[in-house]
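Subject: Structure for your review

Dear colleague,

Please find below the structure that I am handing over to you. My findings follow it, and I would be grateful if you would read them alongside the coordinates.

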Amino acid sequence: YSGLLDVIVRQATEKGLKGFYSGMQVKLVQDILRSVTFFYMFSTLKKAYKKRFGKIGVASNLLLGYTAASLNLCITMPVEVANTRIITGVSKGGMFQTWRELIEHKGIGGLYTGVLANVILCANPAIKHMLFDQIRKKLLQGRQRLSAGQAFWLGAVATAVASTATYPAARTRAMLQSRKHEEDEKRLSLDGQNVSEFAAMKRIVKKHGFSGLYQGLLPHIAKGIISSALLLAAKETIYLKTEETLMFLAVFIRKALFALIVRQGALKVL
């Protein structure tokens, strides 16, 4: 492909509109599983850290985010590998059929193709959430929560920075996960040995120069901004609305109990 427009034109010509949604079901499973497990692990680690050490600084925020992403990787990576292979057309079946093909050709390790690149990519959510949390503290200035608009644009900036910093690893991972089996592995290898993340990266640099490591960066950032920024904005808004609802219920229950006590007291007097 020569660029984003070429991808869109060829996809529309060869597969029609339906081709743009290939693997959507698996992608939904991947995104929901990744987001839910990451936010749960990250919030749990932050609570544990605050309880033991107090305030969370920049370095500790990065470390907690990286740890949460690394733990999340063990759960979500098989779904991610299947999703990449289905989207790129390497595998024609669904998620379970793709898993079966990978296990038959590569064993259980095939479900974790590109794991080294993903270990590097764990820095992406760590950087993103560190930037979001640190800048958010500066913007709050005594307020409890950001507005949805502020959360969205802050999430967009944090996502763009994190995606740019880690994109070479993301590109390498996509190449490794989308290759076909034996014959494609030989073609990608530099010296006939087993393909590794670093061998694939060297291949890209040798063929396209260092700029090749950032080929497809803009669509990647656009996708990340749309998904991550909206997610962070929604999280901020939902948290605020939940807090307001709980406060309302607490006040309502307190008033109801007070009214009940007063009524019972009045009845005793009578």
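Trp153 is exposed, with a relative accessible area of 61%. Please note that the model is a predicted one. Trp153 forms an aromatic pair with Phe152, and the geometry of this pair is edge-to-face, with 5.3 Å centre to centre and 85 degrees between the planes. Phe152 itself counts as partly exposed, at 23% relative accessibility.

The count of aromatic pairs comes to six. Another of them joins Phe38 and Phe39, again edge-to-face, at 6.0 Å centre to centre and with 65 degrees between the planes. Phe38 is buried, its relative accessible area being 5%. Ring pairs also bring in Phe42, so that Phe38, Phe39 and Phe42 are linked into a cluster.

Overall organisation

The protein chain has 10 helices and zero strands. Of its 270 residues, 36% count as buried. Among contacts with a separation of 6 or more, 72% are between residues 24 or more positions apart. The accessible surface of the chain comes to about 16700 Å², and carbon and sulfur atoms account for 67% of that area.

The 30 residues of α2 should span 44 Å at 1.5 Å a residue, and the end C-alpha atoms of α2 are 42 Å apart, which agrees. The buried residues in α2 are Val26, Gln30, Thr37, Phe38, Met41 and Phe42. They pack against α3, α4 and α6 (123–140). After α2 comes Gly54, which has a positive phi near 95 degrees.

In soluble globular proteins, nonpolar side chains tend to be buried together. The largest nonpolar core here has 19 residues, and those that touch the most other members are Val26, Phe38, Phe42, Ala68, Val79, Met95 and Trp99. At least two residues of this core come from each of α2 (24–53), α3 (58–87) and α4 (95–106). The largest share is that of α3, with nine residues.

Phe42 deserves a separate entry. Setting aside its neighbours within four places in sequence, Phe42 is in contact with Asn61, Leu64, Gly65, Ala68, His129 and Asp133. A second, separate core has seven residues, including Leu146, Ala151, Leu154 and Leu232.

Helix α9

Helix α9 covers residues 197–208, which is 12 residues, and reaches 16 Å from its first C-alpha to its last, close to the 16 Å expected at 1.5 Å a residue. Glu197, Ala199, Ala200 and Ile204 are the buried residues of α9. Viewed down the helix axis, these buried residues fall within an arc of 165 degrees, so they line one face of α9. An α-helix has 3.6 residues a turn, so residues three or four places apart point the same way.

What does the buried side of α9 pack against? Its buried residues meet α5 (115–121) and α7 (148–178). On the face turned away from that buried side, α9 carries the exposed residues Phe198, Lys202 and Lys206. Just after α9, Gly209 takes a positive phi of about 80 degrees.

Yours sincerely

Technical notes: Residues are numbered from 1 along each chain as its sequence is written. This is a predicted model: local features need pLDDT of at least 70, side-chain atom pairs count only at pLDDT 80 or more; totals for chains, interfaces and linings use all residues. Side-chain values use heavy atoms; hydrogens and water are left out. Helices (H or I, at least four residues) and strands (E, at least two) are DSSP runs, numbered from the N terminus. The expected span of a helix is 1.5 Å times one less than its number of residues. Buried means under 20% relative accessible area, exposed over 50%, partly exposed in between (1.4 Å probe, protein chains only). The arc is that of the directions from the helix axis to the C-beta atoms. Contact means heavy atoms within 4.5 Å. A nonpolar core is a set of buried Ala, Val, Leu, Ile, Met, Phe, Trp, Tyr and Cys residues joined through side-chain atoms within 4.5 Å. Accessible areas come from the Shrake-Rupley method with a 1.4 Å probe; for residues, only the protein chains shown count as cover. Rings of Phe, Tyr and Trp (its six-membered ring) pair if their centres lie within 6.5 Å; planes under 30 degrees apart count as stacked, over 60 as edge-to-face and the rest as tilted.
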